[in-house]
Amino acid sequence: MVDRLLGRSKERPATPVPAPETPADPRDAVWARVLLARNARRPHTLELVAGIADSFAELHGDRLFGDDGAIVGGLARIDGRRAVIVGHQKGSDTEENIRRNFGMAKPEGFRKAIRLFELAERFGLPVVTLVDTPGAYPGAEAEERGVADAIANAIMVMCRIRVPIVTVITGEGGSGGALAIAAGDVVVALENAVYSVISPEGCAAILWRTPERAPDAALAMRMSAADQLELGVVDRIVAEPGEGAHADPAETARRLRGVIADELDRLAALPPDELVAARATRYRAFGAFDDLGEPEAPEAAERGGLADRLRRALEPVGKAMGGLGTRDGREGRDEPPAREEV
Amino acid sequence: MPITLPFRPRRESYPPDMWTQCPGCSEMLFNKHLDKALRVCPSCGHHFRISAPARLAQLLDPGTFRERDPGLVSRDPLGFVDSKPYTDRLVGAQTATGRKDAAIWGFGSLAGHRIAICALDFTFMGGSMGSVVGEKVARAAEGALAEGVPLVVVSASGGARMQEGTLALMQLVKTIAALGALRAAGLPYVSVMADPTTGGVFASFAALGDVNLAEPNALIGFAGARVSAGTIAEELPPGFQRAEFLFEHGFVDRIVARSELRDELAALLDVLAPPPAAGVDGSVRRG
């Protein structure tokens, strides 16, 4: 058990292991993945880094406020390649989880990531990000220090830097807190990782009005790695050993090491301009919509009925009386008034 | 044979009452007066939410707005169903608003400044950002870049649209990348945050203005109270995440009453992007 936690498992399956048994009900199946992704014994970032990198020197602090234990990062060598690694860090026991805030980063965590992304660019080092978070910390202090600003800026820096970025979703890809370090050139996911726009509990709390419907939300959001591959959000899935990554953390890290090295080499071959352009193209393409073109009829109010004509006729009077009214005259008043939620 | 009344059927979607009770001061307000006051309570200054068309009408010079891409509609990429299918919700919102989705973008003049503008509409599924809203914000930024004009985005949104899953989440990157290009070109972007601006909208384009403006008392925050309560067992204190709170903590430049918004924007644009006619040096922009 301790061996497993520390990634010292001796078992190393020689052949690819069949996928974990999948419950017949799709709702149970996706929920089983969510639970696997959250499994406390699942190898977390530092444990994986120990297996992925030959050396790793962790760097601390955002230079603005403090050091967030929920995001770790530093300088690494991966099979001889130099890189900056940044990842969310969950704890493997209660004590560590309190210190790591369960992998829920605060603004200083995202700003540490920004600092490391910029450092990577200055030294021409590729970036590897390991994503495993329930989401950004949704508490009061995070709001006070500008968690939204930190996330938005982290994404903006990821869009801009002229070095390769390989993102691996290793566990939970929870919403904006995950995306803040997940806007890579390529996005890899471990087989049992999940990725969603909001936690299934949060989604259920809003749409079903109770967090207990989280499994329904998980199914509806199609948050499994396989679904994300289908949607194009994830580019590549790495199979997990045995029942899941926790069954053999060392083997999981070994598999990731190969894939990361492979992707780093592929991206390193691209000139920086092409690299950044390809990244922009990757994210520009996301969206599922149709264009029905211009509406067939012009603005209905142009033709209008008697009521409209009367209103238009009376408009100058209203304006003359100093009404601030609608400037356009034909906009605004045909809309049902916005409803105020009290 | 159907009888055609001289009133358009959309009138039926008006609430039957002509009065609105102000949630700020409980005053009963005559809707017509409220409209004239830009839907700001005359007695307590409470800013009611307004639709995107109303917003554009308030900000832009009359008759100058040219909408782009009005026909973009979501495809329901996940086949999402909660208590009812996402497609039903979309159709319901389209019927109620007469719009295809929760954003309008186009070009117009604001006190003589030609700008690209995008306004989000809270009345359409809470202004949530799915593929269409993200696309329109990105196109507005790209349009501003192509024409070399400033960008104004007025946000009123609960955040990313859950019904489009991670594709909605990817809109954060898409919109931010487009703003990055605008920033690199030295073109100004003013973000106006109306009630509410939360979640993924706040954590993407809304937070990233060269100048961030907010309407008084607008709810602005990353984590919704209901999300927080569901995910971690902590109720956020009341009065939290309001525009004034953001201002106090340094994330909003100015809190601007709706009646002042157009003039404030004009004054900002006068400095950030003086129109060519404003002076010989008008062509010199930062960046």
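Is the crossing of α13(A) and α5(B) left-handed or right-handed? It is left-handed, where left-handed means that the near helix is turned anticlockwise from the far one by less than a right angle, and right-handed that it is turned clockwise.

Some ground rules before you click. This is a predicted model, where local features need pLDDT of at least 70 and side-chain atom pairs count only at pLDDT 80 or more, while totals for chains, interfaces and linings use all residues. Residues are numbered from 1 along each chain as its sequence is written, and chains are lettered from A and ligands numbered from 1 in the order in which they are written.

**Stop 1: α5(B) and its partners**

Select helix α13 (residues 272–284) of chain A together with helix α5 (residues 165–184) of chain B. Helices here are DSSP runs of H or I with at least four residues, strands are runs of E with at least two, and both are numbered from the N terminus. The two axes come within 8 Å and cross at roughly 130°. Axes are lines fitted to C-alpha atoms, for helices over the stretch in contact, and angles run from 0 to 180 degrees between N-to-C directions. That angle makes α13(A) oblique to α5(B); under 35 degrees counts as roughly parallel, over 145 as roughly antiparallel, 65 to 115 as roughly perpendicular and the rest as oblique.

Now show the side chains. From α13(A) you want A280(A), Y283(A) and R284(A), and from α5(B) M170(B), V173(B), K174(B) and A177(B). Contact means that the C-beta atoms, placed from the backbone, lie within 7 Å. By class this contact has 5 nonpolar, no polar and 2 charged residues. Ala, Val, Leu, Ile, Met, Phe, Trp, Tyr, Cys and Pro count as nonpolar, Asp, Glu, Lys and Arg as charged, and the others, Gly among them, as polar.

On the α7(A) side, pick A152(A), I155(A), M156(A), C159(A) and R160(A); they meet L172(B), V173(B), I176(B), A177(B) and G180(B) in α5(B). Colour by class and you get 8 nonpolar, 1 polar and 1 charged.

Next, stay within chain B and bring in helix α4 (residues 131–147). Its axis comes within 9 Å of the α5(B) axis, and they cross at roughly 5°, which means α4(B) is roughly parallel to α5(B). Contact residues include V137(B), A141(B) and L145(B) of α4(B), and Q171(B), K174(B) and L182(B) of α5(B). The contact divides into 11 nonpolar, 4 polar and 2 charged residues.

**Stop 2: inside chain B**

Zoom out to chain B, with its 9 helices and 11 strands. Of its 287 residues, 54% are buried, meaning that 20 or more other C-beta atoms lie within 10 Å of their own; 12 or fewer is exposed, in between is partly exposed, and C-beta atoms are placed from the backbone.

Select strand β8 (residues 189–198) of chain B: 10 of the 10 residues are buried, so the strand is largely enclosed by the rest of the structure. Alongside, strand β7 (residues 151–157) of chain B runs parallel to β8(B), joined by 6 bridges; strands pair if DSSP finds at least two bridges between them. Look for V153(B) opposite S191(B). Then step along to P196(B), also in β8 of chain B: the peptide bond from D195(B) to P196(B) is cis, with omega near -10°.

Helix α2 (residues 52–59) of chain B is next, with 8 of 8 residues buried, so it too is largely enclosed. Its buried residues pack against β5 (103–110), β6 (113–120), β7 and α9 (258–272) of chain B.

**Stop 3: a few aspartates in loops**

Go to D69(B), in the loop between β3 (66–68) and β4 (72–74) of chain B. D69(B) has a positive phi of about 50° although it is not a glycine, and counts as buried with 22 C-beta neighbours inside 10 Å.

Over in chain A, D79(A) sits in the loop between β2 (71–78) and β3 (81–88). Its phi is positive too, about 45°, but D79(A) is partly exposed, with 13 other C-beta atoms within 10 Å.

Finish at D67(A), in the loop between β1 (55–58) and β2 of chain A. Not counting residues up to four places away in sequence, D67(A) touches H60(A), G61(A) and K112(A).

Notes: Contact = placed C-beta atoms within 7 Å.
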